[in-house]
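Please take a moment with the sequence and the model below before reading on.

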Amino acid sequence: MELQKITGQRVGDHYFKYSHPTGLTIYLYPKESGNTTYAIFGTKYGSIDNCFRRSDEPGPETVPEGIAHYLEHKLFESEDGDAFARFAQTGASANAYTSFESTCYLFSCTERFHESLEILLDFVQSPYFTEETVAKEQGIIGQEIKMYDDDPQWRVMFNYLRAMYHAHPIHLDIAGTVESIAQITPEYLYRCYNTFYNLHNMALVIVGKFDKDEVLALCDKMLKPCAPVRVDRVFPEEPEAIVEPKVEERLAVALPLFQFGFKDDGGTPKTEKDLAAMEILLDVLASESSPLFRQLLDEGLINESSFSYEYFEGAGYATVMFGGESHDPEAVAKAINQEIARLEREGIPQDAFERAKRALYGENVSALNSAASIANGVLSLTLKGRELFTYIDALATVTIDEVAQKLGTLREDHSVLSVIRPL
Amino acid sequence: MTNELQFRPVGAGAALKSLADPRFKTMRVSVNMLVPLTEKTAAAYALLPSLVSRATQQYPDYTALNCRLSELYGASLNSCVRKYGGWQSVGLSVSGIANRYAFGGEDMLEELSKLLFSVIFSPLKDADGLFPQEGFEQEKRQLLEMKDAEYNDKMTYSHQRCEEILFQGQQAGINRCGSRQNIEVLRREGLPALWEELLRTARFEIFALGDCDPDPGLFQEKFGSMGSASALDRVPYAEPQKVRRVTEEQPLSQSKLSMAFRLDTKPEERMLFQLMSAVLGGTPSSKLFQNVREKMSLCYYCSSSFSSVSGALFVESGVETANLEKTEEAVLAQLKALQQGDVSEEELTFAKLALCNALHSVGDSLGAVENWYLARAFDEPAQSPEQAAEQLMGYKREDVVEAANRLCLDTVYRLKGSEGC
């Protein structure tokens, strides 16, 4: 049994990585001093995986939208009751979520960790779907979809993605639509389960208080061998250009919301250093200490509680986006474009670059307080082929030139403005 | 928790609660000022903490202050307005990384406390002794926009409307930031005097938490003569008469149902009612989740929450417009079942274990420790989360059933989604 120890020199933490014979990659991050232990079991299977090719079969296969999320709901049920009831017996707080690129099952507990871990490993590996149980979920997920339909932040984001992406499934709603989920059958659920819940396509992360040997012994007992099948994502060709530069919708809101940003090259995989360079650029460009933020605030164009920015990227998509509430979204977009042009002309100020590095370092150290944030961070990085401490180190070593290069990806002719206005 | 929270009075109206705990990589110092909610002062007191923390004498504009915070490894200086029944809590806090991570060798507690004390005791003012015009305009605008944002979020909006109706005409019915009208009429001229009044009359709850070792003497020196020793009271109980029903319409695809129950409780019964709320609708094994969601497939969420200070329990859900009545009936049917004793030992144990898990996790987050002990100021002597867990485990089925029988429906608020949108 070989555990690889991975140490973060800058933050003084470490964790262990272990490749289990079944194909599962296991990460064990000790955090002895806290009360909470957090475990998360995830598969590289999200809402964008509606078309895939298995390494043991010839053709690509297309399935209805919303299956990853539907599976997440249904996996909690088994022949002898639901997993929530089993977790209730240990007192663990259990949950699950589906994102664009992953589906994750998790619990946090302060006692009886091993029992809860056994439940987690068991129920995620024990699918049970019937016509009846699948039909029952239509109403619940239908209401979940409708809840998001009324959420202006959700709407402004998906309108933005639809205006930016012609073909890439990132523009599809995570839960699918009321119509697409009506087509979901037990057969589809089993088919997708058997394809994506192969342990070679999954990872388990545990953060908190645990005994390494006991955890691995339990994994040996619970994990079921899997054929070494690889799944490849199949995406339609995505043009470099956007669909339309502006999209608007009216909803029952009192103050308009906007999402504005730039389409970046989604085809090239990004390294930890690419991410670090972009994070620093965004801090220099739009953090609360930036001239742009001050200008937008002084002109009454944004507010502190809602304005945000993010480098949102993954398999086949990448975009830098800014969002928030504003009485004049067009003016916000114009100011952002002007500030990018100014930085291109005048260069990135050395002091702002140094400040951004310090601020991002501090934020990352702070995030390591929480078992939940570490576990979710390690899992989402690993499913994208990245590593936590390499990212934190990259924030310290990235150069001002590498940061400046990223400015070139923020092209006005590749920008989209999505706005939700009051009725 | 590895370390115990230390309580120290630092003046007649101020107490310091500190926890020096090196297992955290961060520290947090906060000053919370508790005052009764009034129509006259709520909006001004909500505006003032963000106004005073916009800039300092040493860093005299928004950008200069934020650059300083970035240099301090992304430290934060925040304001926060909370509401507990008829009380408003006006808070200012600083947080940042521990000294051992500050590679520039700064004493983080000293740097952060300096910023916090300067905004409280010597906020930036103009030549006329007023808060700068520009900052005032910006903060007032942002407070109004926060009101708009609450309208945009239909779950929040529906809960707030229900609470407003429940406590109409009472102190507890005042919004934590006052009304839109109260904010609109705010003028810069009266604010410095109101800030002084807040410092003189509030009850101060101060926290210094995480990997830092605060000097109580310093806090005594700063806060010894501040505030007043007000006793924090709870919302008085009034037996509901007729159920208040309000339905409003908006063009939404999903309707929201918010139901409010009153209950006559004593401070020491807080954990009993938390437990009853957990059995009814606080966890995935609760009656509402298992029946209204899982068996009847009526909704994605249907949950209950209990406020001890307000003596109120809320049940909220999002449903098809056509199912509003059916859902309300289903909620009342589940409550009735609980009142009639239809609750198994297993359901009770599940709720206890879920609550204990949450209580034992409090000590893992500085924000959660602060939230816990700030709320405990209303039912002193303050219980630790561990003591609360111990008390909780002692309750029996009969206790929970008896508690459920004290619930009395007061308000049903429905935000009805109109069709065809």
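Are helix 1 of chain B and helix 4 of chain B parallel, perpendicular or oblique to each other? In this predicted model, the axes of helix 1 (residues 42–52) and helix 4 (residues 133–152) of chain B come within 10 Å and cross at roughly 130°. Because an angle over 145 degrees would be needed for roughly antiparallel, and 65 to 115 for roughly perpendicular, helix 1 and helix 4 of chain B are oblique to each other. The crossing of these two helices of chain B is right-handed. On the side of helix 1 of chain B, the contact is made by B:Ala46, B:Leu47, B:Ser50 and B:Leu51, while helix 4 of chain B contributes B:Gly135, B:Phe136, B:Glu139, B:Lys140 and B:Leu143. Sorted by class, this contact between helix 1 and helix 4 of chain B has five nonpolar, two polar and two charged residues.

The next element to follow is a sheet. Chain B has an open sheet of six strands, in the order 1-2-6-3-5-4 and with mixed pairing. Its edge strands are strand 1 (6–11) and strand 4 (76–84) of chain B, each of which pairs on one side only. On average, neighbouring strands of this sheet are turned by 20° against each other, direction ignored. Within the sheet, strand 3 (residues 26–36) and strand 6 (residues 203–210) of chain B run antiparallel and are joined by eight bridges; B:Ser30 stands opposite B:Phe207 in strand 6 of chain B. Helix 3 (residues 108–121) of chain B lies across strand 3, strand 4 and strand 5 of chain B, and runs at about 150° to strand 5 of chain B.

Helix 4 of chain B returns where the two chains meet. The contact takes 52 residues from chain B and 51 residues from chain A. Several elements of chain B each supply at least two residues of the side that touches chain A, among them helix 2 (62–71), strand 5 (87–97) and helix 12 (345–361), but helix 4 of chain B gives the most, with nine residues. By class, the side of chain B that touches chain A has 22 nonpolar, 21 polar and nine charged residues.

Finally, chain A can be viewed as a whole. Its secondary structure comes to 15 helices and 17 strands. The radius of gyration of chain A is 22 Å, close to the 22 Å that the globule rule gives for 423 residues, so chain A is as compact as a globular protein of that length. Along its principal axes, the C-alpha trace of chain A spans about 60 × 50 × 45 Å.

Definitions and conventions: Residues numbered from 1 in each chain as written. Chains lettered and ligands numbered in written order. Predicted model: local features only at pLDDT ≥ 70, side-chain atom pairs only at ≥ 80, totals over all residues. Axes fitted to C-alpha atoms, helices over the stretch in contact; angles between N-to-C directions. Helix = DSSP H or I, 4+ residues; strand = E, 2+ residues; numbered from the N terminus. Parallel < 35°, antiparallel > 145°, perpendicular 65-115°, else oblique. Left-handed = near helix turned anticlockwise from the far one by under 90°. Contact = placed C-beta atoms within 7 Å. Nonpolar A, V, L, I, M, F, W, Y, C, P; charged D, E, K, R; others polar. Pairing = 2+ DSSP bridges. Rg over C-alpha atoms; globule rule 2.2 N^0.38 Å.
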